[in-house]
Amino acid sequence: MRIKNILQYLEATAARLPDKTAFSDGNGGEALSFSALLSATRRIGSSLLSRGGQGARIAVFMDRHPSTIAAMLGVIAAGGCYVVLDASMPEARIIDIVARAGVSLVICDAKNAARAQGLSLPVVDIETLRAAEIDETALALVRTRQIDTDPIYMVFTSGSTGRPKGVVACHRSVIDYAEALLPALGVSQASVFGCQSPLYFDAPLKEILSTLVAGATTYLIPRTAFAFPMQLLTYLREQQINTVCWVVSAFLQISALGALEKYPPTTLKTVVFGSEVFPRSHYDRWRAALPDAVFYQLYGPTEATGMSCVWRADRALEPDEKIPIGAPLDNTDVLLLSEGGTRILPRDGESSEAGEIYLRGSCVTLGYDHAQEETAAAFVQNPLNDAYPETVYRTGDMAQYNGHGELIFLGRRDAQIKIQGHRVEPGEIEAAAMRCDTIAQACCVYVAEVRALVLFYAGSEAADTLRAALGEVLAPYMMPRSIIQKQSLPKTANGKMNRRELLAEAVALLLKKEPI
Amino acid sequence: MEIVINLLKRLHPEIDAANAYGLVDDGILTSLDVVTLIMELNEAFEISIPVEEILPTNFNSAEAIFALVERMQDC
């Protein structure tokens, strides 16, 4: 069967496994079987079509539940493009995202109705959509006219200019991702996922696609469980979760607080991590605690649809060896390019030189929404191809091959950092601070040892007032741990902000044993 | 108690740490905050909070956290 729309996967699986649970909150919360999910998707899609949803950008402003996933799929059924909003996002950020994405309709649940109403856009309640009649003719017409390069979602990532950038992805990239990822991780109908990621990301595609395509089951783990290891471990055991794809900080929460060896989560058979560096000591403890589980590291930017590289941990690492990101997924090509633009190849038995990762393939998304300049800077002509137009994604990530021919992630070319799996551009935080009229200079640095941001600024605004102002525009994970006011910020000899000196000051500040 | 309130203030200067009773329920403390808090409590009070005590009810307010500390000191 030719696949040009990701809903075809859901239709095939619902025919095969109508009564199996697709998505569930667990603990007696909401659950949707495949047939219920398909029905909800088609009802929501039909109702959206009658509201002019085809080709529209539609926001999903709901808490994280199975019906939220039905809303996302319903937007696709209507031929629209979804943008997921989250209650944890500050008001100003939501308004900015909705305006930039050109959202014409907001789907909300009861809990987020008041905030959704405040956006001055048409709002429709999810229950109204789910109660609508299915319009077979209208849905079929969308399907006939749709092509696989039509956009289906937009994910916003941190932008260094101070505003989030919307990455637009189409059916073809997502289909390509599903076809490559599931075999790489050994996903099957027997897989039971415990999903950690928020839905406003591309990260949950791993669980969503595994469920739709392979007929796996996904439990949406409540967010608070990730702060309290005993809750999380109980949840994993009770739902018999056997597969997790989490950011590294979620694993660290369990091992750092002493729960791992005492209560090893032995139901886990497939352990997938990525988006941040897994400290080797903790990684080794996890391997030892779950000797029967298979471990994978994934790597990839949102701009190349979810994940692009995978390493299966099928050998022991040397004590000081970095965990590889491995090799590209099937039908994705990694171009590792030196500064001079030549392709770096693996060397037998020894490490290669370092270069920047460029990604090539159907995984490359359509670009940044309404941002030609930023798109042109990152979605570039393949430097190795002067014969015809070929867009590749320039990641800004530096890597090298190890002696096994596996890719090793080395760090960023620019200042971008990762906090709890979220990409953060310090420039976005600095730009937010500079929006206060009384602030002349701002510099944000990241102290890796304690995974915290420190913001230095020069200006008359009090630190607490600035914190309150930042809280109104920045996502919670972007908030600096400390905000330090100074007379002026240090400059380097050539007049640039002296980030190194400020970083040293931040390290001293956060790692020093201060009197409480 | 003063120490607990100061630790909370340092993590969240925007809240009234002494009178906040939904630190977990209202989503104020993130998972990262909880780890940071536990490390700092362990050090400041020379205690070792076992994972079995790292529960939402023990972290919802400064009072609850201090009660936990006191129980740990009696161990």
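## Briefing: a predicted model with chains A and B

In this structure, 21 residues of chain A are in contact with 20 residues of chain B, where two residues count as in contact if their C-beta atoms, placed from the backbone, lie within 7 Å. The model is predicted, so local features need pLDDT of at least 70 and side-chain atom pairs count only at pLDDT 80 or more, while totals for chains, interfaces and linings use all residues. Residues are numbered from 1 along each chain as its sequence is written, and chains are lettered from A and ligands numbered from 1 in the order in which they are written.

**Where the two chains meet**

- Helix 10 (229-238), helix 11 (248-256) and helix 15 (463-473) of chain A are the elements that give two or more residues to the side of chain A that touches chain B; helices (H or I, at least four residues) and strands (E, at least two) are DSSP runs, numbered from the N terminus.
- Helix 15 of chain A supplies the largest share of this side, namely four residues.
- Sorted by class, the side of chain A that touches chain B holds eleven nonpolar, six polar and four charged residues, where Ala, Val, Leu, Ile, Met, Phe, Trp, Tyr, Cys and Pro count as nonpolar, Asp, Glu, Lys and Arg as charged, and the others, Gly among them, as polar.

**Chain A as a whole**

- Chain A contains 16 helices and 26 strands, and its radius of gyration of 23 Å is close to the 24 Å that the globule rule gives for 516 residues, so chain A is as compact as a globular protein of that length. The radius of gyration is taken over C-alpha atoms, and the globule rule is 2.2 Å times the number of residues to the power 0.38.
- Taken along the principal axes, the C-alpha atoms of chain A fill a box of roughly 70 × 60 × 55 Å.
- Of the 516 residues of chain A, 47% count as buried; a residue is buried if 20 or more other C-beta atoms lie within 10 Å of its own, exposed if 12 or fewer, and partly exposed in between.
- Among the contacts in chain A with a separation of 6 or more, 67% are between residues 24 or more positions apart.

**Domains of chain A**

- Chain A is divided into domain 1 (1-20 + 31-146) and domain 2 (425-511), with bounds that come from an automatic or database domain assignment.
- The C-alpha centres of these two domains of chain A lie 39 Å apart, and six residues of domain 1 are in contact with six residues of domain 2.
- On the domain 1 side of that contact, the residues divide into three nonpolar, one polar and two charged.

**Sheet and strand pairing in chain A**

- Seven strands of chain A form an open sheet in the order 6-5-3-4-7-8-18, with mixed pairing; two strands pair if DSSP finds at least two bridges between them.
- The edge strands are strand 6 and strand 18 (367-368) of chain A, each of which pairs on one side only.
- Strand 3 (residues 57-61) and strand 5 (residues 103-108) of chain A pair in the parallel sense over five bridges, and A:Arg57 stands opposite A:Val103 in strand 5.
- Strand 5 of chain A also pairs in the parallel sense with strand 6 (residues 123-125), over three bridges, and here A:Val106 stands opposite A:Val123.
- Strand 7 (residues 151-157) and strand 8 (residues 165-170) of chain A run antiparallel and are joined by six bridges; A:Tyr153 has A:Ala169 in strand 8 as its bridge partner.

**Cores and a buried loop residue**

- The largest nonpolar core has 155 residues, and those with the most contacts inside it are A:Leu37, A:Ala59, A:Val60, A:Leu85 and A:Ile107; a nonpolar core is a set of buried Ala, Val, Leu, Ile, Met, Phe, Trp, Tyr and Cys residues joined through C-beta atoms within 7 Å.
- Apart from this core lies another, of 25 residues, including A:Val424, A:Val473, A:Met478 and A:Ala506.
- A:Gln196 sits in the loop between strand 9 (192-195) and helix 9 (205-214) of chain A, and A:Gln196 is buried, with 22 other C-beta atoms within 10 Å.
- Leaving aside residues up to four places away in sequence, A:Gln196 touches A:Ile221, A:Phe226, A:Trp246, A:Val247 and A:Ala250.

**Chain B**

- Of the 75 residues of chain B, 31% count as buried.
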